[in-house]
Amino acid sequence: MKDTNKHQGLRNQLAKVLHEKGITDKNVLEAIKIIPRHLFLNSSFEDFAYQDKAFPIGAGQTISQPYTVAFQSQLLEVKKGDKILEIGTGSGYQTAVLCVMGATVYTVERQNELFKTTSLLLPKLGIRPKHISFGDGYKGLPNHAPFDSIIVTAGAPIIPKPLMAQLKIGGKLVIPVGEKEQIMTLLIRKNETQFEKHEFGDFKFVPLLENKN
């Protein structure tokens with residue numbers, strides 16, 4: 001598990017590309033510069049790890065494009081100590097970004113294969129989410145709610161009601177909504193019953209599926 005000066009140079013370059021594409025949150029860009037993304041990918045993709053592209057990671061899933069990770073993270077406006085629920089741990093790269101930004105991360109993965117690999121990988125890299133579990137993301141983690149923010153890293157046909165219920169008042173839910181293509185959606189909880197909705201254009205994600213696999 002090597003991380004070299006060359007990798008660091010590629011990360012700095014990637015952060016520059018993301019900044020040019022409109023990522024302005026310094027904490028997000030800093031996290032991109034710190035995290036060795038190549039260690040989250042199959043070694044055959046190592047040479048491409050710092051391109052702004054998505055790649056397969058097993059179990060029919062992908063590691064999101066860095067721009068998408070950065071864009072979702074920026075929408076959350078993460079503050080140190082924020083309690084964040086992530087639906088879809090996947091490779092753990094998004095988890096790592098949130099942890100490096102100072103969040104207390106609770107993360108759920110429904111693919112057992114990915115859950116096992118990522119649970120072992122993150123501690124090796126010194127990334128320690130508060131809670132990582134194998135389960136159904138649609139249900140969230142009611143026992144640990146409420147959350148300051150919730151981030152969903154898979155395309156959802158609808159916004160799951162349990163996730164809305166697990167947000168603090170003033171909390172943010174960032175979720176890509178849609179069947180084939182998704183619209184990045186931000187919900188802000190105004191009070192017990194009301195949510196403010198913002199939409200941020202088209203993205204493409206693997207589908208958010210119910211139940212565990």
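This is a predicted model: local features need pLDDT of at least 70, side-chain atom pairs count only at pLDDT 80 or more; totals for chains, interfaces and linings use all residues.
**Entry 1: helix 3 and helix 4**

I looked up how helix 3, residues 66–76, sits against helix 4, residues 93–100. Their axes come within 11 Å and cross at roughly 40°. Angles under 35 degrees count as roughly parallel and 65 to 115 as roughly perpendicular, so I put helix 3 down as oblique to helix 4. I then checked the hand of the crossing, and for helix 3 and helix 4 it is right-handed.

Next I asked which residues meet between helix 3 and helix 4. From helix 3 I listed Val69, Gln72, Ser73 and Leu76. On the side of helix 4 they meet Tyr93, Gln94, Val97 and Leu98. I sorted this contact by class and got 5 nonpolar and 3 polar residues, with no charged ones.

**Entry 2: the second largest pocket**

I turned to the second largest pocket, which holds about 230 Å³ of space. I found 15 residues in its lining. Which of them lie nearest the centre of the pocket? I noted Leu39, Phe40, Thr117, Thr118 and Leu121.

Helix 5 has the largest share of the lining, with 7 residues. By class, I wrote down 9 nonpolar, 4 polar and 2 charged residues for the lining of the second largest pocket.

I set the two class lists side by side. The contact of helix 3 with helix 4 has no charged residues, whereas the lining of the second largest pocket has 2.

Note on methods
Residues are numbered from 1 along each chain as its sequence is written. Side-chain values use heavy atoms; hydrogens and water are left out. Axes are lines fitted to C-alpha atoms, for helices over the stretch in contact, and angles run from 0 to 180 degrees between N-to-C directions. Helices (H or I, at least four residues) and strands (E, at least two) are DSSP runs, numbered from the N terminus. Angles under 35 degrees count as roughly parallel, over 145 as roughly antiparallel, 65 to 115 as roughly perpendicular and the rest as oblique. A crossing is left-handed if the near helix is turned anticlockwise from the far one by less than a right angle, and right-handed if clockwise. Contact means heavy atoms within 4.5 Å. Ala, Val, Leu, Ile, Met, Phe, Trp, Tyr, Cys and Pro count as nonpolar, Asp, Glu, Lys and Arg as charged, and the others, Gly among them, as polar. On a 1 Å grid over the protein atoms alone, a cavity is a set of points where a 1.4 Å probe fits but cannot get out, and a pocket is an open set with protein on both sides within 12 Å along at least five of seven lines; lining residues have an atom within 4 Å of a point. Grid points are joined across faces, edges and corners, and a volume is the space filled by probe spheres set on the points.
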